[in-house]
Amino acid sequence: MTSQQKVVTTIPSGGREKPKLYQLFFRNKKGLIGFILLVTIVFLAVFAPWIAPYVPTEMHARDRFSAPTWDYWLGTDFYGRDILSRIFYAFRISLYIAFAAVIFAVIVGSTLGIMAGYFRRLDAWIMRSMDVMFAFPVLLLAITIVVILGAGSLSAILAIGIVYTPIFARVARGPTLAVKEENFVEAAQAMGAGSSRVILRHILPNVAVPIFVQSTVELATAILFESALSFLGLGSKPPDASLGLMISQGKDFLEISPWATVFPGVAIALIVLSFNLLGDAMQEVLDPRLRQKEG
Amino acid sequence: MISQRFFRAIFFAVLALSLVFSGLEAQSQDDNVLRVGITQQIINLDPHVATAFSSFRVMEQVYEGLMRFDSDSALQPALAESFDVSDDGLTYTFNLRSGVTFHDGSPFTANDVKFSFDRVLNPDTASPQASRINSIGSIDVISDTQVSFTLSEAFSPFLSALPQIFIVPQDFATKVSNPQVATLGTGPFQLDELGPDFASLSKNESYWEAGLPKLDGVLIRQIPEAATLRSALRTGQIDVIFGFGVDVISAGSFAGVPGFNVISTPGLSYSLLGIQNDREPFTDVRVRQALSLAIDRQELAEIVYFGRAVVAAPLAASVTEFGPLSSGQLANYERDIPAAQALLADAGQENLTFTISPLPTVPEAVQIAEVLQQQFEQAGITTELELIDIATWVDNWRNSNFDTFVSLNGGNPDPDIHLNRHLVTGGSTNVFKFSDPEVDSLLADGRLVSGLNDRVEIYNQLQQRIADQVPFLFLNYAEVFAVMSSDVQDFTLRADQSIASIRGASLNR
Amino acid sequence: MWAYIIKRLIFLIPILFVVSILVFLLIHMIPGDPAVTMLGTEAANPETLEAMRKKMGLDQPVYVQYGIWLQNVLTGNFGKSISSGKTVMDLLSERYPFTVELALYALILSVVIAIPLGTLAAITRSKWVGFIFQFFTLIGLSLPTFWSGIMFILVFSVYLRWFPIVNFPSLADAPLENLKAFFLPAITLALPNIAAIARVVRASLLDVRQRDYVKTARAKGLAEGIVVYKHMLKNAMIPIITLIGIIAGYLMGGVIIVEHVFAIPGLGRLGVESITGRDYPLLQMIVLFGVVSFVFVNLIVDVLYIFLNPKIRYD
């Protein structure tokens, strides 16, 4: 198919046997490390109830502010709750909110972007409203949305999803415009193919790759965004463990028990790092010029 | 090679920068200005409208009432020198202090008193203090130094309401165009500047109390994070910290540290679990009693306040003159999970589930909610925390739109001011929709009777009735703390966290 | 080009109008109103509350409130903050120096640190420098700002006592103390941007290095430093400027968090306070201020393009 060729052409035809995309990906060191890191985190999150040494909400009044020990590997917090167990459970919330928010933004954003690129009449309207959203101070917008809906995971998902929508609208619009101008689309239209058919068969496959790459990048920022919201008390609610909330609760006792603040921050950095590694690797694999330089 | 040269350049740049920075010492400080740190933002200084903790800390330095509470919360005359009460308890005549001037030099007279009370009572002012003095029938200026109030009905807590009614000059409206940001009072300090995160005050040179204030000025600075506030004190950038966020953790981290003093006093404000009495299933008194029996207030005090709090009976133990009962003398205070479950079974509420909505601006409210959630779970009661922002919370609170909430109620040494408006049917802060004829009549009796012994008898009965009916759960009275550098002398903290004592404090740097 | 700039500025007007309506609608969707927030627990008394609402003009329907606001703004009256009673203009002019300084300081730090770092990583042949560069820039991109801010306070202010914690003197009164006090917040805000810019600098330098004119310059025997500076950096500037433009936008979001962590009384914190206080007139102007800054930054970036690459034309 012509449309598939579009994607394939981004892979250089260097060697005799063309390596598959995923092979290239895992040959990339960053890709491999990022993948292993992310799989580990997802594993810890999914199997938290079996792996975590304690129930994350269980309070051990006698062991409050405990420094890291054999009983509590990463110490305990104000209530004597095990920080390690809370981090495992918090991985779940962070991943869930980030994925759900990015999926929301991808669906809504690329729909709007494709519509803007495909239907000329809608273009100005959609893209101008995206411009307005872009210009809006994002964190204030997200805070306002959360305040309207009340703190909680769902509000955080919606707030981040809405804020990220214009990004994907822009990413989707470019390739749509480009593909639409090409001969085969005009031919298909001439042969009486409906808009939905053209979009599904010809445009979507071309939009998919840049959207996918962008999603990896935005997953990293969505994790940071979620942690910032819950740090400000606008994310998921206690007693659920959430990394930003753990830091904001821990910071009041910073000099007394720094571990309650330090480790959740390291945990956030690890998730974000894994997505950043994957994003880097993906860009390097898909962009031949970059790959040559990285060697 | 370029990279070597480059490294060297960076190295020297960093070195130079750090030398510049380390050469700079903390800014020169005014030696006799006390720097006070609090976590709450200072907004709105209108003496008759502002209600915030931080507003009061500034206003109590600038403004004064006819009466004031001393550091032991006992009523003392302030702008009034003395007063007489008529035998029927309806007429209060005050003899005013002479020679007192406002900060602009104009003299303080009885007309200013009348103007101030009228301003509070005027509906256009929208003063929250109005409900405390609306028993006033008429105010008569007898002479420049004498004013009398005639009440429409006997009201024994009248004098206790007076410290909160600040006196402003009669031409306040023309002299102060925006009382939210500017002030004009008779207090020991006057406001120089209200900045984005500070209020700077300077000495009132012609203050009426001889030799006071001892300080040249006070700088009240807001630092929102408790940990940062402590660090600022530790590094000498602040002299005293107290108020929200300065708790037993702060006290503990400075206890025994040379160069710092920690003071504490039993507080008058109490934490509570508010219950919507008009919402199923809390209409059933057995359910409310079960909630009271299901929790362990002592454990709560241990966890949230590290033991520096006591189980809260309706009256604070510190107001000894009104005969406060201890929790041991009251029903439904000792934790008893089987009894709680039996009551719930009686009421047909074996699977009781409800939400708890902690006041978002006070960190300990969330902590209390989290501990209560655990305790309820041990008694088989399922709860969910609801976290909402402060304006939404207050809106829900005002409209009684909650199952239960956790917050703090500011206390008062007078039992009527302490309890009445929360408990009387239709009371202004009776958001619990609690209504009990016996409680209502006891509260009314307490206002009409003026002899102390009679009031004690009435309030004893009232406390028993409250414990039995469980309008909401009184949880803990926590100690309040202030931590200060040892340079600070004679700084005391009152049970209601007032720092009016600053007028007698001094610095010895 | 002037025509282009003026056209862009005219386009700002409908955006501001739409944003102001959006803010008004959004904030009226939030439960709770400023009268309630202001009275706190004293709002329980219905008479007090009604009196306060009337005093604040909240008894009018929403569209009337918006109309009054718009009319006032068009006549140069930006209103009064509900919670503090100060005029919005006073508050903004009191607070914006903190925010603008913080953002500029962070931007300057980012550029000053990132461009040499990225250049170094691009021209070095050492594998170790390359690895360390990759490692630290990835870490820099992955750290949550609020957390690194807290860590900086803990290490540099509490333990080492190198920097003051509170107290931000004005730049005019005490320039050195001011720069010292703002150093930690600015570097916190700059950290992820240093990483991002350094990576782009390196990538675009590597890209440019393979171009013919650089090879020619080298062949002519020009000193390496001159080649890097004159031929490579200049030509690599366009993607770098693009990124700096994007980052200037991010800085405005970042200041909210950094001001919160470092207790800086700037516009970001004021914005959050105005949401919690339901302070409509204040929030309006803060958001509009943000929008205007955003549009201006983008405009400056676009104009810079023209200077860097005269081939670009805007019509």
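I started with B:Val319: skipping neighbours within four places in sequence, I found it in contact with B:Pro324 and B:Pro413 (contact: C-beta atoms, placed from the backbone, within 7 Å).

Before going on, I noted that this is a predicted model, where local features need pLDDT of at least 70, side-chain atom pairs count only at pLDDT 80 or more, and totals for chains, interfaces and linings use all residues. Residues are numbered from 1 along each chain as its sequence is written, while chains are lettered from A and ligands numbered from 1 in the order in which they are written.

Next I looked up where B:Val319 sits: in the loop between strand E13 (309–311) and helix H11 (337–346) of chain B. Helices (H or I, at least four residues) and strands (E, at least two) are DSSP runs numbered from the N terminus.

The cut-offs: buried is 20 or more other C-beta atoms within 10 Å, exposed is 12 or fewer, partly exposed is in between, with C-beta atoms placed from the backbone.

I also checked B:Thr125, 194 residues away along the chain from B:Val319; their C-alpha atoms are 33 Å apart.

B:Ala80 stands opposite B:Leu96.

Last, the whole chain: I noted 16 helices and 19 strands in chain B, and buried residues make up 52% of its 509 residues.

Terms used. Two strands pair if DSSP finds at least two bridges between them. Two residues are in contact if their C-beta atoms, placed from the backbone, lie within 7 Å.
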